[in-house]
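Reader: I've got a structure to go through before class. Can you walk me through it?

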Amino acid sequence: MENPEQLIRKGVHHDGLKQGAVKAVLGGMAWGVVVVALLIFGRIFWDGAPVLLKPDFPFVDTSFLTEKTETLHIFDDASGTRHSLPASQYHQWAEKNGSDAVFNETSYSYSGGGIAGPIVGTALLTLLSIVLALFFGVSAAIYLSEYAKDGRFIRLVRLAILNLAGVPSIVFGLFGFAVFVLAAPVFTDVPSDRTLFALPLGFTWLSFQGWNSSLIAGSATLACMILPVIITASEESLKAVPQGFREASLALGATRWHTIRKCVLPFALPGILTSSILSLARAAGETAPIMFTVAVAAKDDFPWQGTTGPLGMLQSQVQALPYHIYTLAARIPTSDYTQRAQYGSVFVFLLMIFLFSAVSITLRNRVRSKLKW
Amino acid sequence: MVSDSPAPAVPEIAIDQLCFSYGAKQVLHEVTLDIPSREITAFIGPSGCGKSTLLRCFNRINDRIPGAKVTGGAIRIAGIDIARPDLDLQVLRRRVGMVFQKWNPFPKSIFDNVAYGLRVHGEKNTKVIGERVEYCLRRVALWDDVKDRLKASAFGLSGGQQQRLCIARTIATKPDIILMDEPCSALDPLSTLKIEELLLELKNDYTIVIVTHNLAQANRCADKTAFFYLGKLIEHGPTVKIFSNPDVQQTESYVSGAFG
């Protein structure tokens, strides 16, 4: 080697400084995200946790989870003590002491009591929409991956699915309103005035009059929204199952459908469940699709009350946590008395999504641990 | 094709002027060959010569490959044209079993792997299934190794054991013909030896067609050998003749290792 002294660096090491600076900037960005996340979760935890937790045994204040939403009344009594009571207790108090004992009264809608209604509504909506989406999505994915021959039509279908994934959720909300709420077919003996089209079947009518604002309309809308993700991910998981399993099964004389049922679908299940975990959180969290199709700000009874059977429940409107949070944030003035409901709801909502995900991930891991290749 | 009848006069598999294409690419050119019953027939030839394709025609597993089709000629198994529209494909595949190059047990237990074919064909009696599974595992000399862990995953077995499990899975449905697509190409010499011993034992009951790249293996096991080159059947006959005194110069060059 000639001039080996060139290997030794002379003077200040500018390049090393530059490398260090680049690393610091990029690292700062990454840690910045963590700080923002911590700030958000910290604030919610700080203000929300006290609503649910208490310092003495059993450490959880279940009344916020089990009571219905009520209007909160703030007033002074004759001695000047300030009271803050939900509507039902307020009426009892007023009855006992007479309404002329109430001074300086203000009331905040939806801020009293608990959030049992929204919790139940969100749980039902999420469950129903994920069941619907898995049924239709996995069926479509099986067709695309196992049956369809690659051609122009199938490419068009795939393009449509990908585009559907990019449609804003408010558009799904309007779509659900136009189709499920106003135009979906129902069997009825007396078609409504606003039916689009009623088909006489002799013993009854098939009337295109929509499902109204109801649990089933909202779930169907949410299912449409998460369908593209479920189809795409399910198709990928099905394709990841080795061809050897299919050939071995077919070579043993199994039919195509038997092979799919016994040798493809079970082994694709972990992947399908992973995609549905992501969709689950999204279905639980979206506000726009349920605004016009199912959600109400206030409701006195649970979806199964005042209806007949599971079919009746599907036709009832429900409260939902994301919509409840929107209502609390946008429709009522913020004050010290409303913070409990606002931050409490958000805190419970996050806990609920965390719980959903934890259950799904456990389920997926249990399925996955049985399969290794 | 009843197992304990004497070998019939008709060849087990009769290939008549078979032409086969993947899309526009013709891979088999007018192959005519008779495969005798209860013997081992080896297909040899360099990669891409169409020997695996021909093997995969016998149970019509090529049907699932887009663009693959028979463009001329016919295959008759025990006298029946397997391209007939009224052929029961499920029964054909039960009677013509297949073992693949890469061992492919299902991610299920050892027992469920062997029982799969039986359950496919509607067997529900657990006693019958249990007996058949034991018989098949004994037949492939795997029973003593696995009898205490039948419920364990098949993936815990070694490569050679997994391939023998796949053979057990294949014979569970009582086939008459077993097709083997390079069953030992990914196995070590000792496992290969065990499989070869198994083949010699199995040929008493089954007609075996084996595709192999291993010339020594064909020489050791096969009764008949067919040499393919560029989609054409060049020469076929008794193994001894093909390896010691072939009629065609190309066969001579291939079996002596001059090309391939």
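Reader: Which residue takes a positive phi in the hairpin of strand 9 and strand 10 of chain B?
Author: Leu230(B) does, with a phi near 50°. The hairpin has 2 residues between its strands. Before we go on: this is a predicted model, where local features need pLDDT of at least 70 and side-chain atom pairs count only at pLDDT 80 or more, while totals for chains, interfaces and linings use all residues. Residues are numbered from 1 along each chain as its sequence is written, and chains are lettered from A and ligands numbered from 1 in the order in which they are written.

Reader: OK. How many bridges join strand 9 to strand 10 of chain B?
Author: There are 6, and the strands run antiparallel. Strand 9 covers residues 224–229 and strand 10 covers 232–238. Lys224(B) has Pro238(B) as its bridge partner. Helices (H or I, at least four residues) and strands (E, at least two) are DSSP runs, numbered from the N terminus. Two strands pair if DSSP finds at least two bridges between them.

Reader: What order do the strands take in the open sheet of 4 strands in chain B?
Author: The order is 2-1-4-5, with antiparallel pairing. Strand 2 (25–35) and strand 5 (80–81) are the edge strands, each pairing on one side only. Strand 1 (residues 13–22) pairs with strand 4 (residues 68–77) over 8 bridges. Within that pair, Phe20(B) has Val70(B) as its partner.

Reader: What lies across strand 1, strand 2 and strand 4 of chain B?
Author: Helix 1 of chain B, residues 51–58. It runs at about 65° to strand 2 of chain B. Angles run from 0 to 180 degrees between N-to-C directions, and axes are lines fitted to C-alpha atoms, for helices over the stretch in contact.

Reader: Which way do strand 6 and strand 7 of chain B run, parallel or antiparallel?
Author: Parallel, joined by 4 bridges.

Reader: How many residues of helix 3 of chain B are buried?
Author: 9 of its 11. Among them are Ile110(B), Asp112(B) and Tyr116(B). The cover includes helix 9 of chain A, plus helix 4, helix 5 and helix 6 of chain B. Just after helix 3 of chain B, Gly122(B) takes a positive phi of about 85°.

Reader: New topic. At what angle do helix 5 and helix 7 of chain A pack?
Author: About 130°, with their axes 8 Å apart. That makes helix 5 of chain A oblique to helix 7 of chain A. Under 35 degrees is roughly parallel, over 145 roughly antiparallel, 65 to 115 roughly perpendicular, and the rest oblique. The contact includes Ile161(A) from helix 5 and Pro228(A) from helix 7. It has 7 nonpolar, 1 polar and no charged residues.

Reader: What about helix 1 and helix 13 of chain A, how far apart are their axes?
Author: 7 Å, and the packing angle is about 95°. The two helices are therefore roughly perpendicular. Residues that meet include Phe45(A) of helix 1 and Tyr343(A) of helix 13. This contact divides into 10 nonpolar, 3 polar and 2 charged residues.

Reader: Last one: which strands stand at the edges of the sheet in chain A?
Author: The sheet is open, with 3 strands in the order 2-1-3 and antiparallel pairing. Strand 2 (82–86) and strand 3 (103–113) of chain A stand at the edges, each with a single partner, so one side of each lacks a neighbour in the sheet. The twist averages 20° from one strand to the next. Strand 1 (residues 69–76) joins strand 2 of chain A by 5 bridges, and Phe75(A) has His83(A) as its bridge partner.

Terms used: Contact = placed C-beta atoms within 7 Å. Nonpolar A, V, L, I, M, F, W, Y, C, P; charged D, E, K, R; others polar. Buried ≥ 20, exposed ≤ 12 C-beta atoms within 10 Å, placed from the backbone.
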